[in-house]
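Me: I would like to learn how to read side-chain features in a model of this kind. Could we go through them one at a time, with the cut-offs stated?

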Amino acid sequence: GINAEYGKQWYQRRVREAVVSTQSTGRQDDAVRVFCDTIQGEWRRLFRAVSPGEVQRAKNMLKTMMLSQCDGTTAVCEDIGRQMLTYGRRIPLAEIDARIEAVTPAVLKRVMGEYVYDRDPVVIGLGSTEGLPEYGLMKNMMSSPLD
């Protein structure tokens, strides 16, 4: 829909800005800042304006990815082991599908509000971190989802 197209255009514009900024200044600092801004902006957009079509597309992609990862005996065994460690039992495909299908825009907004907004973000920098925005700024960007 319109929200999905706007989100895609916004994301592409931000990536181009990061690439141009990095190329013009020769500094990766700008790319790191733009990357952090882009991720946080997308989280805010998901909280405010995710469409049912976007959620359905994401659910379809998740199910496709999960099924494609179990294409051999080793991958199936890893999946069984992961489920046993996480849930203490093997989860049938029908139950996995039902859990995924239970996600709606309202559920996504509730979960984002409960676990993402007004929470202290965990920030890890590896390598050159000069361009990483200050912690307080990143925390403030995630504390007012209705701006």
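Me: How many aromatic pairs does a search of the whole structure find?

Reply: A pair of aromatic rings is described by the distance of the centres and the angle of the planes. Rings of Phe, Tyr and Trp (its six-membered ring) pair if their centres lie within 6.5 Å, with planes under 30 degrees apart called stacked, over 60 edge-to-face and the rest tilted. Here the search of the whole structure gives 1 aromatic pair. This is a predicted model, in which local features need pLDDT of at least 70 and side-chain atom pairs count only at pLDDT 80 or more, whereas totals for chains, interfaces and linings use all residues. Residues are numbered from 1 along each chain as its sequence is written, and side-chain values use heavy atoms, with hydrogens and water left out.

Me: Which ring does the charged end of arginine 99 sit over?

Reply: A charge sits over a ring if NZ of Lys or CZ of Arg is within 6 Å of the ring centre and within 35 degrees of the ring normal. The charged end of arginine 99 is placed over the ring of tyrosine 87, 5.1 Å from its centre, and lysine 109 lies over the face of phenylalanine 47, at 5.1 Å from the ring centre.

Me: How many disulfides does the structure hold?

Reply: A disulfide is a pair of cysteine sulfur atoms within 2.5 Å, and the structure holds 0 of them. For cysteine 70, which is in no disulfide, the nearest cysteine sulfur is that of cysteine 77, 9.9 Å away.

Me: Is cysteine 36 buried or exposed?

Reply: Buried means under 20% relative accessible area, exposed over 50%, and partly exposed in between (1.4 Å probe, protein chains only). Cysteine 36 counts as buried because its relative accessibility is 12%, whereas cysteine 70, at 29%, counts as partly exposed.
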